[in-house]
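Student: I'd like to learn how to read the helix packing and the contacts in this model. Can we go through them together?

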2 protein chains.
Amino acid sequence: MGKVAKQANIAVGTIYLYFKHKEDLLNQFYLKLYQVNVDRFLEHYSPNDSFREGLKLIWVNYLKHRINHYKDSHFLEQYYKSPYVNDNHKRLAEQVKKPLHDIIQKGKELGLVRSDLDNEMIFLGMLGFFRELADEYVGNCYIFNEDRINKAFEMSWNMIKA
Amino acid sequence: MGKVAKQANIAVGTIYLYFKHKEDLLNQFYLKLYQVNVDRFLEHYSPNDSFREGLKLIWVNYLKHRINHYKDSHFLEQYYKSPYVNDNHKRLAEQVKKPLHDIIQKGKELGLVRSDLDNEMIFLGMLGFFRELADEYVGNCYIFNEDRINKAFEMSWNMIKA
DNA sequence: TTGTAAAATGAATAACTATTCATTGATATT
DNA sequence: AATATCAATGAATAGTTATTCATTTTACAA
(Lines give C-alpha, C1' and ligand atoms only; values in the text may rest on other atoms or scores of the structure.)
Protein backbone atom coordinates (compact mmCIF):
# COMPACT_ATOMS: atom_id res chain seq x y z
CA MET A 1 0.00 0.00 0.00
CA GLY A 2 2.94 2.27 0.69
CA LYS A 3 4.18 1.80 -2.85
CA VAL A 4 0.73 2.38 -4.31
CA ALA A 5 0.45 5.64 -2.38
CA LYS A 6 3.86 6.78 -3.53
CA GLN A 7 3.02 6.01 -7.18
CA ALA A 8 -0.20 7.97 -6.83
CA ASN A 9 1.49 10.84 -5.01
CA ILE A 10 -0.86 10.62 -2.07
CA ALA A 11 -0.56 9.53 1.54
CA VAL A 12 -1.22 5.92 2.55
CA GLY A 13 -4.19 6.92 4.65
CA THR A 14 -5.86 8.54 1.67
CA ILE A 15 -6.21 5.18 -0.06
CA TYR A 16 -8.52 4.07 2.74
CA LEU A 17 -10.92 6.91 2.03
CA TYR A 18 -11.66 5.36 -1.36
CA PHE A 19 -11.14 1.64 -0.76
CA LYS A 20 -12.16 -0.49 2.19
CA HIS A 21 -9.17 -2.85 2.10
CA LYS A 22 -6.21 -3.71 0.01
CA GLU A 23 -8.37 -6.53 -1.30
CA ASP A 24 -11.09 -4.09 -2.27
CA LEU A 25 -8.54 -2.05 -4.20
CA LEU A 26 -7.25 -5.11 -6.03
CA ASN A 27 -10.77 -6.21 -6.72
CA GLN A 28 -11.77 -2.97 -8.38
CA PHE A 29 -8.48 -2.84 -10.24
CA TYR A 30 -9.08 -6.35 -11.57
CA LEU A 31 -12.56 -5.59 -12.83
CA LYS A 32 -11.46 -2.40 -14.57
CA LEU A 33 -8.44 -4.03 -16.18
CA TYR A 34 -10.48 -7.01 -17.34
CA GLN A 35 -13.04 -4.83 -19.07
CA VAL A 36 -10.41 -2.71 -20.79
CA ASN A 37 -8.53 -5.76 -21.98
CA VAL A 38 -11.62 -7.38 -23.37
CA ASP A 39 -12.76 -4.34 -25.27
CA ARG A 40 -9.55 -4.56 -27.23
CA PHE A 41 -10.24 -8.01 -28.58
CA LEU A 42 -13.25 -6.90 -30.60
CA GLU A 43 -11.57 -3.72 -31.83
CA HIS A 44 -12.18 -3.07 -35.54
CA TYR A 45 -14.33 -6.15 -35.77
CA SER A 46 -17.27 -5.80 -38.10
CA PRO A 47 -19.91 -8.50 -38.56
CA ASN A 48 -19.97 -7.56 -42.25
CA ASP A 49 -16.46 -8.85 -42.88
CA SER A 50 -16.12 -12.41 -44.06
CA PHE A 51 -16.49 -14.82 -41.18
CA ARG A 52 -13.00 -16.19 -41.50
CA GLU A 53 -11.35 -12.79 -41.66
CA GLY A 54 -13.39 -11.52 -38.74
CA LEU A 55 -12.32 -14.45 -36.62
CA LYS A 56 -8.71 -13.95 -37.60
CA LEU A 57 -8.87 -10.27 -36.67
CA ILE A 58 -10.10 -11.10 -33.20
CA TRP A 59 -7.38 -13.63 -32.49
CA VAL A 60 -4.64 -11.45 -33.88
CA ASN A 61 -6.00 -8.67 -31.66
CA TYR A 62 -5.78 -11.04 -28.74
CA LEU A 63 -2.26 -12.11 -29.59
CA LYS A 64 -0.96 -8.58 -29.99
CA HIS A 65 -2.71 -7.28 -26.95
CA ARG A 66 -1.36 -10.08 -24.78
CA ILE A 67 2.16 -9.42 -25.99
CA ASN A 68 1.93 -5.68 -25.46
CA HIS A 69 0.21 -5.93 -22.10
CA TYR A 70 1.77 -9.07 -20.82
CA LYS A 71 1.97 -8.01 -17.20
CA ASP A 72 -1.70 -7.08 -17.16
CA SER A 73 -2.71 -10.42 -18.66
CA HIS A 74 -0.49 -12.24 -16.23
CA PHE A 75 -1.97 -10.38 -13.27
CA LEU A 76 -5.51 -11.09 -14.43
CA GLU A 77 -4.83 -14.80 -14.69
CA GLN A 78 -3.09 -15.07 -11.36
CA TYR A 79 -5.89 -13.19 -9.70
CA TYR A 80 -8.54 -15.28 -11.39
CA LYS A 81 -6.98 -18.42 -9.98
CA SER A 82 -6.59 -16.90 -6.51
CA PRO A 83 -9.00 -17.33 -3.60
CA TYR A 84 -10.06 -13.71 -3.99
CA VAL A 85 -12.30 -14.19 -7.02
CA ASN A 86 -15.97 -13.98 -6.29
CA ASP A 87 -19.18 -14.48 -8.25
CA ASN A 88 -18.87 -10.99 -9.68
CA HIS A 89 -15.66 -11.95 -11.40
CA LYS A 90 -17.01 -15.23 -12.69
CA ARG A 91 -20.10 -13.57 -14.06
CA LEU A 92 -18.04 -10.91 -15.80
CA ALA A 93 -15.84 -13.56 -17.37
CA GLU A 94 -18.92 -15.34 -18.74
CA GLN A 95 -20.38 -12.12 -20.03
CA VAL A 96 -17.13 -11.38 -21.80
CA LYS A 97 -16.96 -14.72 -23.55
CA LYS A 98 -20.48 -14.15 -24.88
CA PRO A 99 -19.64 -12.15 -28.04
CA LEU A 100 -17.09 -14.74 -29.08
CA HIS A 101 -19.47 -17.61 -28.47
CA ASP A 102 -22.03 -15.75 -30.58
CA ILE A 103 -19.57 -15.37 -33.42
CA ILE A 104 -18.71 -19.06 -33.26
CA GLN A 105 -22.42 -19.85 -33.30
CA LYS A 106 -22.83 -17.71 -36.40
CA GLY A 107 -20.01 -19.67 -38.04
CA LYS A 108 -21.90 -22.86 -37.42
CA GLU A 109 -25.09 -21.44 -38.89
CA LEU A 110 -23.19 -20.37 -41.99
CA GLY A 111 -22.00 -23.96 -42.30
CA LEU A 112 -18.36 -22.87 -41.99
CA VAL A 113 -17.68 -24.29 -38.52
CA ARG A 114 -18.10 -27.89 -37.39
CA SER A 115 -21.42 -28.09 -35.63
CA ASP A 116 -20.62 -31.30 -33.78
CA LEU A 117 -18.29 -29.39 -31.44
CA ASP A 118 -19.58 -27.31 -28.57
CA ASN A 119 -18.81 -23.61 -28.70
CA GLU A 120 -16.78 -23.71 -25.53
CA MET A 121 -14.39 -26.29 -26.91
CA ILE A 122 -13.87 -24.29 -30.06
CA PHE A 123 -13.24 -21.21 -27.98
CA LEU A 124 -10.75 -22.99 -25.74
CA GLY A 125 -8.87 -24.51 -28.66
CA MET A 126 -8.16 -21.13 -30.20
CA LEU A 127 -7.61 -19.27 -26.95
CA GLY A 128 -5.12 -21.82 -25.70
CA PHE A 129 -3.07 -21.76 -28.86
CA PHE A 130 -2.78 -18.00 -29.10
CA ARG A 131 -2.10 -17.66 -25.41
CA GLU A 132 0.81 -20.08 -25.66
CA LEU A 133 2.16 -18.26 -28.68
CA ALA A 134 2.13 -14.93 -26.89
CA ASP A 135 3.71 -16.38 -23.75
CA GLU A 136 6.42 -18.10 -25.74
CA TYR A 137 7.16 -14.84 -27.50
CA VAL A 138 7.45 -12.92 -24.25
CA GLY A 139 9.19 -15.59 -22.20
CA ASN A 140 11.42 -17.26 -24.75
CA CYS A 141 11.69 -14.83 -27.65
CA TYR A 142 9.70 -16.94 -30.09
CA ILE A 143 9.92 -14.75 -33.18
CA PHE A 144 6.83 -13.61 -35.02
CA ASN A 145 6.34 -12.57 -38.60
CA GLU A 146 3.38 -12.31 -40.93
CA ASP A 147 3.93 -15.87 -42.11
CA ARG A 148 3.93 -17.39 -38.64
CA ILE A 149 0.79 -15.55 -37.66
CA ASN A 150 -0.95 -16.70 -40.84
CA LYS A 151 0.15 -20.27 -40.24
CA ALA A 152 -1.08 -20.15 -36.65
CA PHE A 153 -4.49 -18.96 -37.69
CA GLU A 154 -4.66 -21.49 -40.48
CA MET A 155 -3.87 -24.23 -37.97
CA SER A 156 -6.65 -23.18 -35.66
CA TRP A 157 -9.00 -22.79 -38.60
CA ASN A 158 -8.33 -26.39 -39.60
CA MET A 159 -9.19 -27.32 -36.07
CA ILE A 160 -12.73 -26.00 -36.32
CA LYS A 161 -13.73 -25.77 -39.97
CA ALA A 162 -16.68 -27.80 -41.19
CA MET B 1 8.60 -21.30 6.86
CA GLY B 2 6.76 -21.88 10.10
CA LYS B 3 4.01 -23.74 8.28
CA VAL B 4 6.50 -25.79 6.31
CA ALA B 5 8.24 -26.81 9.50
CA LYS B 6 4.96 -27.77 11.13
CA GLN B 7 3.94 -29.88 8.13
CA ALA B 8 7.29 -31.63 8.24
CA ASN B 9 7.18 -32.09 12.02
CA ILE B 10 10.49 -30.35 12.53
CA ALA B 11 11.58 -27.03 13.99
CA VAL B 12 11.90 -23.93 11.81
CA GLY B 13 15.62 -23.77 12.42
CA THR B 14 16.10 -27.27 11.07
CA ILE B 15 15.02 -26.15 7.61
CA TYR B 16 18.05 -23.89 7.47
CA LEU B 17 20.37 -26.84 7.95
CA TYR B 18 19.25 -28.21 4.59
CA PHE B 19 18.34 -25.08 2.64
CA LYS B 20 20.12 -21.74 2.46
CA HIS B 21 17.00 -19.57 2.09
CA LYS B 22 13.32 -19.85 1.59
CA GLU B 23 14.10 -19.16 -2.06
CA ASP B 24 16.54 -22.07 -2.15
CA LEU B 25 13.85 -24.33 -0.75
CA LEU B 26 11.32 -23.19 -3.34
CA ASN B 27 13.90 -23.59 -6.05
CA GLN B 28 14.66 -27.18 -5.23
CA PHE B 29 10.98 -27.93 -4.76
CA TYR B 30 10.26 -26.49 -8.20
CA LEU B 31 12.91 -28.56 -9.94
CA LYS B 32 11.81 -31.78 -8.26
CA LEU B 33 8.12 -31.16 -8.97
CA TYR B 34 8.83 -30.27 -12.59
CA GLN B 35 10.73 -33.48 -13.21
CA VAL B 36 8.08 -35.65 -11.58
CA ASN B 37 5.31 -33.98 -13.53
CA VAL B 38 7.09 -34.39 -16.83
CA ASP B 39 7.85 -38.04 -16.32
CA ARG B 40 4.13 -38.63 -16.20
CA PHE B 41 3.48 -37.30 -19.67
CA LEU B 42 5.43 -40.04 -21.37
CA GLU B 43 4.03 -42.78 -19.15
CA HIS B 44 3.06 -45.92 -21.11
CA TYR B 45 4.25 -44.32 -24.32
CA SER B 46 5.85 -46.75 -26.71
CA PRO B 47 7.44 -45.71 -30.00
CA ASN B 48 6.03 -48.90 -31.49
CA ASP B 49 2.43 -47.75 -31.20
CA SER B 50 0.93 -46.00 -34.18
CA PHE B 51 2.07 -42.41 -34.35
CA ARG B 52 -1.41 -40.97 -33.92
CA GLU B 53 -2.27 -43.17 -30.95
CA GLY B 54 1.06 -42.44 -29.30
CA LEU B 55 0.50 -38.73 -29.62
CA LYS B 56 -2.99 -39.06 -28.24
CA LEU B 57 -1.76 -41.01 -25.26
CA ILE B 58 0.71 -38.28 -24.37
CA TRP B 59 -1.84 -35.50 -24.49
CA VAL B 60 -4.44 -37.45 -22.57
CA ASN B 61 -1.73 -38.13 -20.00
CA TYR B 62 -1.08 -34.41 -19.84
CA LEU B 63 -4.76 -33.57 -19.51
CA LYS B 64 -5.39 -36.08 -16.76
CA HIS B 65 -2.26 -35.21 -14.87
CA ARG B 66 -3.03 -31.51 -14.96
CA ILE B 67 -6.52 -32.13 -13.66
CA ASN B 68 -5.37 -34.43 -10.87
CA HIS B 69 -2.43 -32.26 -9.87
CA TYR B 70 -3.84 -28.90 -10.60
CA LYS B 71 -2.21 -27.10 -7.69
CA ASP B 72 1.19 -28.42 -8.66
CA SER B 73 0.78 -27.31 -12.27
CA HIS B 74 -0.45 -23.95 -11.14
CA PHE B 75 2.50 -23.49 -8.81
CA LEU B 76 4.97 -24.47 -11.53
CA GLU B 77 3.54 -21.92 -13.94
CA GLN B 78 3.42 -19.10 -11.43
CA TYR B 79 6.97 -19.81 -10.42
CA TYR B 80 8.14 -20.02 -14.01
CA LYS B 81 6.80 -16.56 -14.67
CA SER B 82 8.27 -15.16 -11.44
CA PRO B 83 11.59 -13.32 -11.12
CA TYR B 84 13.07 -16.33 -9.33
CA VAL B 85 13.57 -18.51 -12.41
CA ASN B 86 17.16 -18.87 -13.46
CA ASP B 87 19.01 -20.48 -16.35
CA ASN B 88 18.78 -23.85 -14.62
CA HIS B 89 15.01 -23.75 -14.86
CA LYS B 90 15.00 -22.60 -18.47
CA ARG B 91 17.44 -25.31 -19.46
CA LEU B 92 15.37 -27.97 -17.74
CA ALA B 93 12.25 -26.75 -19.51
CA GLU B 94 14.00 -27.07 -22.86
CA GLN B 95 15.31 -30.51 -22.01
CA VAL B 96 11.82 -31.58 -21.12
CA LYS B 97 10.29 -30.43 -24.38
CA LYS B 98 12.87 -32.44 -26.28
CA PRO B 99 11.14 -35.85 -26.35
CA LEU B 100 7.93 -34.27 -27.61
CA HIS B 101 9.75 -32.31 -30.27
CA ASP B 102 11.41 -35.55 -31.35
CA ILE B 103 8.08 -37.28 -31.64
CA ILE B 104 6.69 -34.43 -33.69
CA GLN B 105 9.76 -34.62 -35.91
CA LYS B 106 9.15 -38.34 -36.40
CA GLY B 107 5.59 -37.56 -37.45
CA LYS B 108 6.90 -35.25 -40.11
CA GLU B 109 9.31 -37.87 -41.39
CA LEU B 110 6.47 -40.38 -41.60
CA GLY B 111 4.59 -37.85 -43.72
CA LEU B 112 1.76 -37.68 -41.18
CA VAL B 113 2.43 -34.18 -39.86
CA ARG B 114 2.60 -30.97 -41.87
CA SER B 115 6.26 -30.26 -42.48
CA ASP B 116 5.73 -26.57 -43.26
CA LEU B 117 5.12 -25.87 -39.56
CA ASP B 118 7.93 -25.60 -37.05
CA ASN B 119 7.89 -28.13 -34.25
CA GLU B 120 7.51 -25.47 -31.58
CA MET B 121 4.31 -24.15 -33.11
CA ILE B 122 2.83 -27.63 -33.30
CA PHE B 123 3.81 -28.23 -29.71
CA LEU B 124 2.28 -24.96 -28.54
CA GLY B 125 -0.95 -25.54 -30.43
CA MET B 126 -1.59 -28.83 -28.69
CA LEU B 127 -0.28 -27.78 -25.30
CA GLY B 128 -2.41 -24.65 -25.23
CA PHE B 129 -5.59 -26.47 -26.09
CA PHE B 130 -5.22 -29.21 -23.52
CA ARG B 131 -4.11 -26.79 -20.87
CA GLU B 132 -7.24 -24.70 -21.37
CA LEU B 133 -9.41 -27.79 -21.27
CA ALA B 134 -7.95 -28.89 -17.97
CA ASP B 135 -8.23 -25.42 -16.45
CA GLU B 136 -11.82 -25.07 -17.58
CA TYR B 137 -12.61 -28.42 -16.03
CA VAL B 138 -11.07 -27.47 -12.71
CA GLY B 139 -12.19 -23.85 -12.61
CA ASN B 140 -15.61 -24.02 -14.22
CA CYS B 141 -16.64 -27.66 -14.10
CA TYR B 142 -16.40 -28.25 -17.84
CA ILE B 143 -17.55 -31.85 -18.00
CA PHE B 144 -15.40 -34.52 -19.63
CA ASN B 145 -16.35 -37.79 -21.19
CA GLU B 146 -14.74 -40.15 -23.67
CA ASP B 147 -16.44 -38.37 -26.56
CA ARG B 148 -15.21 -34.91 -25.61
CA ILE B 149 -11.65 -36.13 -25.18
CA ASN B 150 -11.77 -37.86 -28.56
CA LYS B 151 -13.17 -34.72 -30.18
CA ALA B 152 -10.48 -32.58 -28.59
CA PHE B 153 -7.72 -34.79 -29.87
CA GLU B 154 -9.30 -34.97 -33.29
CA MET B 155 -9.40 -31.17 -33.39
CA SER B 156 -5.74 -30.86 -32.57
CA TRP B 157 -4.92 -33.60 -35.02
CA ASN B 158 -6.64 -31.65 -37.78
CA MET B 159 -4.50 -28.72 -36.77
CA ILE B 160 -1.25 -30.51 -37.57
CA LYS B 161 -1.97 -33.38 -39.96
CA ALA B 162 -0.30 -33.36 -43.36
C1' DT C 1 29.74 -45.15 31.21
C1' DT C 2 31.78 -41.15 29.41
C1' DG C 3 33.18 -37.86 26.04
C1' DT C 4 32.57 -35.83 21.59
C1' DA C 5 30.82 -34.49 17.36
C1' DA C 6 26.77 -33.71 14.77
C1' DA C 7 21.93 -32.55 14.41
C1' DA C 8 17.82 -30.39 16.00
C1' DT C 9 15.49 -26.88 18.57
C1' DG C 10 12.64 -22.66 19.08
C1' DA C 11 12.74 -18.18 21.44
C1' DA C 12 14.62 -13.84 20.05
C1' DT C 13 15.61 -10.64 16.27
C1' DA C 14 14.86 -7.60 12.61
C1' DA C 15 12.46 -6.23 8.88
C1' DC C 16 8.24 -5.59 6.62
C1' DT C 17 3.26 -4.12 5.96
C1' DA C 18 -1.94 -3.31 6.28
C1' DT C 19 -4.68 -0.42 8.84
C1' DT C 20 -6.05 3.32 12.14
C1' DC C 21 -6.88 7.89 13.85
C1' DA C 22 -5.61 12.26 15.94
C1' DT C 23 -4.12 16.15 13.58
C1' DT C 24 -3.66 19.34 9.79
C1' DG C 25 -5.19 21.58 5.60
C1' DA C 26 -8.63 22.98 2.23
C1' DT C 27 -13.26 24.53 0.90
C1' DA C 28 -17.67 26.31 1.45
C1' DT C 29 -21.22 28.90 4.23
C1' DT C 30 -22.96 32.40 7.18
C1' DA D 1 -13.89 36.94 9.51
C1' DA D 2 -15.51 33.27 11.78
C1' DT D 3 -17.39 28.71 11.59
C1' DA D 4 -18.38 24.31 9.93
C1' DT D 5 -17.72 20.51 6.80
C1' DC D 6 -15.01 17.61 4.31
C1' DA D 7 -10.60 15.65 2.63
C1' DA D 8 -5.83 14.45 3.23
C1' DT D 9 -1.97 13.27 6.06
C1' DG D 10 1.53 10.10 7.98
C1' DA D 11 3.31 8.59 12.46
C1' DA D 12 1.88 4.95 15.47
C1' DT D 13 -0.10 0.27 15.94
C1' DA D 14 -0.51 -4.49 15.60
C1' DG D 15 0.40 -8.30 13.17
C1' DT D 16 3.22 -11.25 10.27
C1' DT D 17 7.45 -13.71 8.86
C1' DA D 18 12.32 -15.04 7.36
C1' DT D 19 16.43 -15.83 9.66
C1' DT D 20 19.80 -16.51 13.52
C1' DC D 21 22.20 -18.76 17.24
C1' DA D 22 22.82 -20.15 22.07
C1' DT D 23 21.21 -24.21 23.98
C1' DT D 24 19.65 -28.96 24.11
C1' DT D 25 19.23 -33.53 22.32
C1' DT D 26 20.84 -37.41 19.78
C1' DA D 27 24.26 -40.67 17.86
C1' DC D 28 28.15 -42.98 18.34
C1' DA D 29 33.03 -44.27 19.57
C1' DA D 30 36.26 -45.24 23.10
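**Helices that pack**

Tutor: Let's start inside chain B, where the axes of helix α4 (residues 51–68) and helix α7 (residues 119–140) of chain B come within 9 Å and cross at roughly 35°. Axes here are lines fitted to C-alpha atoms, for helices over the stretch in contact, with angles from 0 to 180 degrees between N-to-C directions. Helices (H or I, at least four residues) and strands (E, at least two) are DSSP runs, numbered from the N terminus. α4(B) passes α7(B) in a right-handed crossing; a crossing is right-handed if the near helix is turned clockwise from the far one by less than a right angle, and left-handed if anticlockwise.

Student: Which residues make that contact between α4(B) and α7(B)?

Tutor: Two residues are in contact if their C-beta atoms, placed from the backbone, lie within 7 Å. From α4(B) you get Trp59(B), Tyr62(B), Leu63(B), Arg66(B) and Ile67(B), and from α7(B) Met126(B), Phe130(B), Arg131(B), Leu133(B), Ala134(B), Tyr137(B) and Val138(B). Sorted by class, the contact of α4(B) with α7(B) has 10 nonpolar, no polar and 2 charged residues. For the classes, Ala, Val, Leu, Ile, Met, Phe, Trp, Tyr, Cys and Pro count as nonpolar, Asp, Glu, Lys and Arg as charged, and the others, Gly among them, as polar.

Student: Before we go on, what should I know about the model and the numbering?

Tutor: It's a predicted model: local features need pLDDT of at least 70, side-chain atom pairs count only at pLDDT 80 or more, and totals for chains, interfaces and linings use all residues. Residues are numbered from 1 along each chain as its sequence is written, while chains are lettered from A and ligands numbered from 1 in the order in which they are written.

Student: What is the secondary structure of chain A?

Tutor: Chain A comes to 8 helices and 0 strands, and its C-alpha trace spans about 60 × 35 × 30 Å along the principal axes.

Student: At what angle do α6 and α7 of chain A pack?

Tutor: Helix α6 (residues 87–109) of chain A packs on α7(A) at about 110°, with the axes 10 Å apart. That makes α6(A) roughly perpendicular to α7(A). As for the words, angles under 35 degrees count as roughly parallel, over 145 as roughly antiparallel, 65 to 115 as roughly perpendicular and the rest as oblique. Lys97(A), Leu100(A), His101(A), Ile104(A) and Gln105(A) of α6(A) meet Asn119(A), Ile122(A) and Phe123(A) of α7(A). By class, this contact of α6(A) with α7(A) has 4 nonpolar, 3 polar and 1 charged residues.

**Where the chains meet**

Student: How many residues of chain A are in contact with chain B?

Tutor: 22 residues of chain A are in contact with 22 residues of chain B. On the chain A side, α5 (70–80), α7 (119–140) and α8 (146–160) each supply at least two residues, and α7(A) gives the most, with 11 residues. That side of chain A divides into 10 nonpolar, 6 polar and 6 charged residues.

Student: And how are the two copies related?

Tutor: Copies are superposed by least squares on the C-alpha atoms of residues with pLDDT of at least 70 in both. Chain A can be laid on chain B with an RMSD of 0.0 Å by a turn of 180° and a shift of 0.0 Å along the axis. The two copies are thus related as by a two-fold rotation axis. In chain A, the C-alpha nearest the axis belongs to Gly128(A), 2.0 Å from it. Also, 100% of the interface residues of chain A are interface residues in chain B too, so the copies meet through the same surface.

Student: How do α8(A) and α8(B) cross?

Tutor: The axes of α8(A) and helix α8 (residues 146–160) of chain B come within 7 Å and cross at roughly 135°. That makes α8(A) oblique to α8(B), and their crossing is right-handed. Met155(A), Ser156(A), Asn158(A) and Met159(A) meet Met155(B), Ser156(B), Asn158(B) and Met159(B). The residues of the contact of α8(A) with α8(B) divide into 4 nonpolar, 4 polar and no charged.

**The DNA side**

Student: Which residues come nearest to DNA strand C?

Tutor: A residue is near a strand if its C-beta atom, placed from the backbone, lies within 6 Å of it. Of the 13 residues around DNA strand C, Gly13(A), Lys22(A), Ala11(B), Gly13(B) and Thr14(B) come nearest. α2(B) gives the largest share of this surface, 4 residues.

Student: Which helix gives the largest share near DNA strand D?

Tutor: There it's α2(A), with 4 residues. Ala11(A), Gly13(A), Thr14(A), Gly13(B) and Lys22(B) come nearest among the 13 residues around DNA strand D.
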